[in-house]
Amino acid sequence: MLPSTSRRTKRLLAFGAGVVTVALALTGCSSSSGGSGSGSGDKNYKITFLPKNLGNPYFDTSDKGGETAIKSFKGTYNQVGPSTATADAQVSYINTLTQQQVGAIVLSANDPTALGSALTQAKSAGVKVVTFDSDTDAKYRDVFVNQATAEGIAKIQVDTIAKEIGDSGDIAILSAAANATNQNAWIDLMKKDLAKDHPNVKLVDTVYGNDDDQTSFDKTAALLQTHPTLKGIVSPTTVGIAAAARYLSTSDAKGKVKLTGLGTPNQMRAYVKDGTVDEFALWNPEDLGYLAAFAAKALIDGTITGKKGDTFKAGKLGSFTVGDKGTVLLGDPFVFNKDNIDKFHF
């Protein structure tokens, strides 16, 4: 459900305190900062972020939050990753980080099971594994830092698109990779929500842009050609929604085919202001990376093991408790629109 007015205000203030400017260009090289060696004292605070792919504004922002956290406890931050969002591409990085004996890997997984063997070896070698944004099967990691509940993320997108198309008509989903854990969980829940609460809204197609701008752009064009009666598109991926908005903004479908999903304010600002997009949602990706880094620290320190009920402190974000299946929850999604988007800069 959408937050109440007071809760929205509280979330708005929390978001405003932690926003960052997204770097839209990121080289294929790794970057590092913070302390040297093993970090602080005898703890191995060498923590490496492995996003789905580099050059993605969402992960630029989340990983920057991780870097800020790691600097605060005098660890060593590093970021590595593939240029394309595939599981195979992530495996070699996991193997290399295991050989380098890092303290922790903070990973957004491109597949729930394909990384299992590499992650099992990493854990056997003493490397702590934190997933964030997109999970693996629970046995392959120690903790999963979830941006929001899957139910909340699915519902906010379904409710938004239903409202915008008058709760009736054909819609489609433009997703990321076909095997992306988080995307598939949200899509399954969106289908259930549509069937239960919006029977007159028909999901006619689900396509995959693989978190690639041009592919997502082309898939949007193909959706409109294949489904001429389409009234709305939901894109639960920051790359996808921005590419879809770019296509719609210069097409005859602008303002006629509604678009919502998950995006960042900097990506979507122009499209909200020109009427291509009315509303979209997200959490604060900087806070997500920040929390994931502190979860890694807590695992390295032995403060938590990933057991339900474990608690730890995450710097400026306060205290968190590990829930079912080793999951730590950041909070609720937030809706951006023309009335509030200029207050955010990430």
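Let's start with an open sheet of four strands, which pair in parallel and follow the order β8-β7-β9-β10. Its edges are β8, residues 201-208, and β10, residues 258-261, each with a pairing on one side only. On average, neighbouring strands here are turned by 25 degrees against each other, direction ignored. Keep in mind as you look around that this is a predicted model.

Now bring in the helices. Helix α5, residues 150-164, lies across β7 (169-175), β8, β9 and β10. Helix α8, residues 238-249, lies across β7, β9 and β10. The angle to β10 is about 165 degrees for α5, and it is also about 165 degrees for α8.

Both helices turn up again in the pockets. The largest pocket holds about 450 Å³ of space. It is lined by 22 residues, and D135, F144, N146, A150 and A185 are the closest to its centre. Helix α5 is among the elements that supply at least two lining residues, along with β6 (143-146), α6 (181-197) and β14 (327-329). The biggest contribution, five residues, is from α6. By type, this lining has nine nonpolar, seven polar and six charged residues.

Of its 19 lining residues, G55, D211, D212, D213 and V239 are the closest to the centre. Two or more residues come from each of α8 and α9 (265-273), with α8 giving the largest share, four residues. Here the lining has seven nonpolar, eight polar and four charged residues.

Conventions. Residues are numbered from 1 along each chain as its sequence is written. This is a predicted model: local features need pLDDT of at least 70, side-chain atom pairs count only at pLDDT 80 or more; totals for chains, interfaces and linings use all residues. Side-chain values use heavy atoms; hydrogens and water are left out. Two strands pair if DSSP finds at least two bridges between them. Axes are lines fitted to C-alpha atoms, for helices over the stretch in contact, and angles run from 0 to 180 degrees between N-to-C directions. Contact means heavy atoms within 4.5 Å. On a 1 Å grid over the protein atoms alone, a cavity is a set of points where a 1.4 Å probe fits but cannot get out, and a pocket is an open set with protein on both sides within 12 Å along at least five of seven lines; lining residues have an atom within 4 Å of a point. Grid points are joined across faces, edges and corners, and a volume is the space filled by probe spheres set on the points. Ala, Val, Leu, Ile, Met, Phe, Trp, Tyr, Cys and Pro count as nonpolar, Asp, Glu, Lys and Arg as charged, and the others, Gly among them, as polar.
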